[in-house]
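Q: I've just opened this model and I'd like a quick tour. Where do we start?

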Amino acid sequence: MTFSWKPTRREFLGGTAAVAGAAAVGVAPFASAFGASYPDRNLKVIIPTREGGGADRNFRAFSGIWKKYLKTKFEPRFYPGASGRVGYEVYMGKNEPDAYSLIFGNMGPELLNWVVKEPESFKVSDYLYFGRVDTDPGCVFVGRKSKFTSIDQIVAEAKKRTLTVGTSRMAHPASIGILYLGEKTGAKFNLIPLSGGKNTVAGAVTGEVDLSVLTSGTVAAKRKSVRTLLVFDDKNKLGERLDNAPTINDHFGTDLPPMLSSRAFGIHKAAVDKYPDRFAVLQATFKKVFTDPDFKAAVKKAKGNWEYINYGGVEECAAYSKSIMKIGARYKSLLSGKS
Amino acid sequence: MEADLGFLIGLFGHTLTFWWVIIPTIFLGLVVGAIPGFSAANTIIILLPLTLAMDVEVGLIFMVSLYCSSRMGAGIPAILVNIPGTAGAAATPLDGYPMTKQGRSQQALSMSFVASAFGGLLTTILAIIAMPVLAEVGYYMHSVEMIVVMLFGISLIASIAARDMLKGLIAGFLGLMIGSIGTDVVYATPRGTMGFLELYDGVPLIPALVGLFAVSEAFIIIEKKSIVTDEGREIMAAPSWAATFEGAAIAFRHWWHITWNSIIGLIIGVIPGAGASIASFVAYQQSRTYSKTPHLYGTGHPEGLIAPESANNGVTSGTLIPLLILGIPGGATAAIMLIVLQYHGVNFGPSLFFDQPELAYGVFTAMAITYLLMIFTILPLSRYMSRVTLVSTTYMAPMIIAFTLVGSFVSREYMFDMYLGLVFGVIGYIARRTNYHVAAILIGVILGPLLETYFLRALKKSEGDLMVLFSSSLGNILWLVLIASLLMPMVLGFRRRRAVANTQAGT
């Protein structure tokens, strides 16, 4: 017995549609389960600074809790160099946009990098920050042995002679803060990049420079060796840990917006577009960390400042990016040595 | 709290009870130190979950032991197969490897272990005694002074060039040019990177080290049967403990050499940002300058091996002083240690010596015990380690290339670094074949970027005024010492020639 079936074109198309539909219905739960199983392997995190710095400490405290909700581990990779450019180039150029690799950067200085010199191999809009961990204002500080004990003494001296100011890198929110102070008071400051927070603190402590500017979280951790004199924020949130230093706007009657460094997780824009379900998982689990009491304990244990922990999503990060790039454009010539 | 002798002896005895942590860590440190690309810093990072889970005292002892032993471990492949495990051991093969070729590897290893252990032990004791004074060094050594210190190291190029001035200087300048590749330290502008992102942070040191020394050496030895000369093989044919004791005895006879070179290491280590690579070259240069036998340097001279090994171990205690007193880590390993200890709730700064003296001084007692135990655990191994050099080059050369290229990859995980290691290997091979000194190239590659950093910083501070180089009293004293050390070989050479001439005239 032979079986033969010769379908008409309509029957064939109809049959195909039915099979495809059935397949779609049948596979859909599996597909959904597949999406829900994300991440099914470790997440790689590119950190564009050296091990042992503030970003490293911050990352370890945060990821230690986030992994609980994401049910996976994080593999940090450190790519310092060229003021963070190397890390971003590696992330954008050598990592697949599949939501299995993230970047954990310091939005302030690293966005200012792009203002000073645009990236060559990708556009700034090719990645987006989606998870802000903290907002850490810049501050002015000197070594404990320094002859300066107040910001007024600094300004008075800087009107007579140019003072050297250590900074972790030229394009940094704290650098803008001190340039702004000079602009408003007529004080003369000469920025000296000292490559990283550790060296910037050492510069002020050892007297290599007259004073330094840096993120105040790092400075507070070294308070036994340094004296903070001014904070570039609306309020000195750390109080005594920053020697009850005044804020620039209170002390000088200026209207400088807070000069914040802000550590945040970023992701390829292409990954967001291609895998919205994965991105949703990242966003949802990221937010949960901030209400977890273990996170507060981890921050305290790592000697971090809980006052600076400040959740931010895509919108908050975008607003911050826009404002820092706007003010950076104003000081572009000074930060790039072209003035 | 006053650290009286009774307290320190009690602490020493207490730390000794942690031998079960220290001894295995010594062997781990030797292995990671000997593998190019690995270091105490990245091993602590890899083992961070373990370190964080440990009791703070155990964690601290583990990290300190690993730090010390990895420093000593880096010298082993530098002596045996011309592969410095880290930049801090880059000056070790200058005289260590020629000793191996002469069949004196067992003696060289023993000498290196004794110099490292006693240099490290001595500077640890000095660090405990003179910590407040040493902590002050950083207050005086700024960019101008550091430029002069760098020039002490770089002037070694001139010593090397003395044998063939033109070739030595060409090699040194080539190294300096290679060292200037990367982004500048002020405005992060890329220079000479040829579009390679991997070069933005400068030429990575490990591929340069293994390429110039090890890969080029592998290309050379493949043309021979053995690393060791025929005479050397005869010497090594009958293995005995004698060479180990002989090496140790030579090192002990140079106790003064160990002392002052390890002190050079200690002082350089205290300066934030400086490190073992600077210390070892400066020590080698100083040792050669004031030696009675400078012409023997580079030919397998014990002094040329003892100087860098005692200096780079002197650095270890030095880098921890700014961490403990100021809370500022003096190097990468100290920075990682800071994170671990902060996680355990340890507050750094002068108050640590009052709040937790057993921890503050415990760092140094752990260091002292590690160095002491290293002598007893490692010295006997020199007899067996030295046998590696008898392996036929048919197997040795490919193993060196494979091993070192993996080492090139490990530190940054770039395939690019493996290719770079090969490129440096070819450069090194051509240099050796044409009698250019690879060490001169390497000094430029290692010290050039550091010199540039301090130079640009000084110029930025002075807004471009070159006279800043002579603006500090200490800096000016160092300039005079530098000039004196450059002129000294000429003066001593002249006096020696005159003495020989007088003797000949008298006979």
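Q: OK. What kind of model is this, and how are things labelled?
A: This is a predicted model, in which local features need a pLDDT of at least 70, side-chain atom pairs count only at pLDDT 80 or more, and totals for chains, interfaces and linings use all residues. Residues are numbered from 1 along each chain as its sequence is written, while chains are lettered from A and ligands numbered from 1 in the order in which they are written.

Q: What does chain A's secondary structure come to?
A: Chain A has 14 helices and 12 strands.

Q: And what's the mean pLDDT of chain A?
A: The mean is 85, and 88% of chain A's residues reach 70 or more. pLDDT, by the way, is the predictor's confidence in each residue, from 0 to 100.

Q: Which helix of chain A has the lowest mean pLDDT?
A: That's α1 of chain A, residues 9-36, with a mean of 45. At the other end, helix α5 of chain A (residues 151-160) has the highest mean among the elements of the chain, 96. Over residues 1-35 of chain A, pLDDT stays under 50. For that stretch the model has 3 contacts beyond four places in sequence. A contact means that the C-beta atoms of two residues, placed from the backbone, lie within 7 Å.

Q: How much of chain A's contact list links residues 24 or more positions apart?
A: Of the contacts in chain A with a separation of 6 or more, 79% are between residues 24 or more positions apart.

Q: Which residues does the cis peptide bond join?
A: A:Tyr38 and A:Pro39, with omega at about -5 degrees. A:Pro39 sits in the loop between α1 and β1 (43-47) of chain A.

Q: New topic: what share of chain A's residues is buried?
A: Buried residues make up 49% of the 339 in chain A. A residue counts as buried if 20 or more other C-beta atoms lie within 10 Å of its own, as exposed if 12 or fewer do, and as partly exposed in between, with C-beta atoms placed from the backbone.

Q: Why is strand β11 of chain A called largely enclosed?
A: Because 6 of the 6 residues of β11(A), residues 263-268, are buried, the strand is largely enclosed by the rest of the structure.

Q: Which strands are joined to β11(A)?
A: One is β3 of chain A (residues 101-106), which runs antiparallel to β11(A) and is joined to it by 4 bridges. Here A:Asn106 has A:Arg263 as its bridge partner. Another is β4 of chain A (residues 127-134), also antiparallel, with 5 bridges to β11(A). In that pairing, A:Tyr127 is partnered with A:His268. Strands pair if DSSP finds at least two bridges between them.

Q: Is phi of A:Ala99 positive or negative?
A: Positive: phi is near 70 degrees, and the residue isn't a glycine. A:Ala99 lies in the loop between α3 (85-94) and β3 of chain A. A:Ala99 is buried, because 22 other C-beta atoms lie within 10 Å.

Q: What about B:Asn82?
A: B:Asn82 isn't a glycine either, and its phi is positive at about 65 degrees. Its place is the loop between α6 (75-80) and α7 (93-101) of chain B. With 30 other C-beta atoms within 10 Å, B:Asn82 is buried.

Q: How is chain A divided into domains?
A: Domain 1 takes in 43-135 + 262-335 and domain 2 covers 137-252. Those bounds come from an automatic or database domain assignment. The C-alpha centres of the two domains lie 25 Å apart, and 20 residues of domain 1 are in contact with 18 residues of domain 2. On the domain 1 side, α4 (107-116), α13 (314-330) and α14 (332-335) of chain A each give two or more residues. α4(A) gives the most, with 5 residues.

Q: And how many residues of chain B are in contact with chain A?
A: 33 residues of chain B are in contact with 35 residues of chain A. The chain B elements that give two or more residues there are α8 (105-140), α18 (332-343) and α24 (438-461). α18(B) gives the most, 7 residues.

Q: What scores does the predictor give the complex?
A: An ipTM of 0.78 and a pTM of 0.78. Chain B averages a pLDDT of 84, and 96% of its residues score at least 70.
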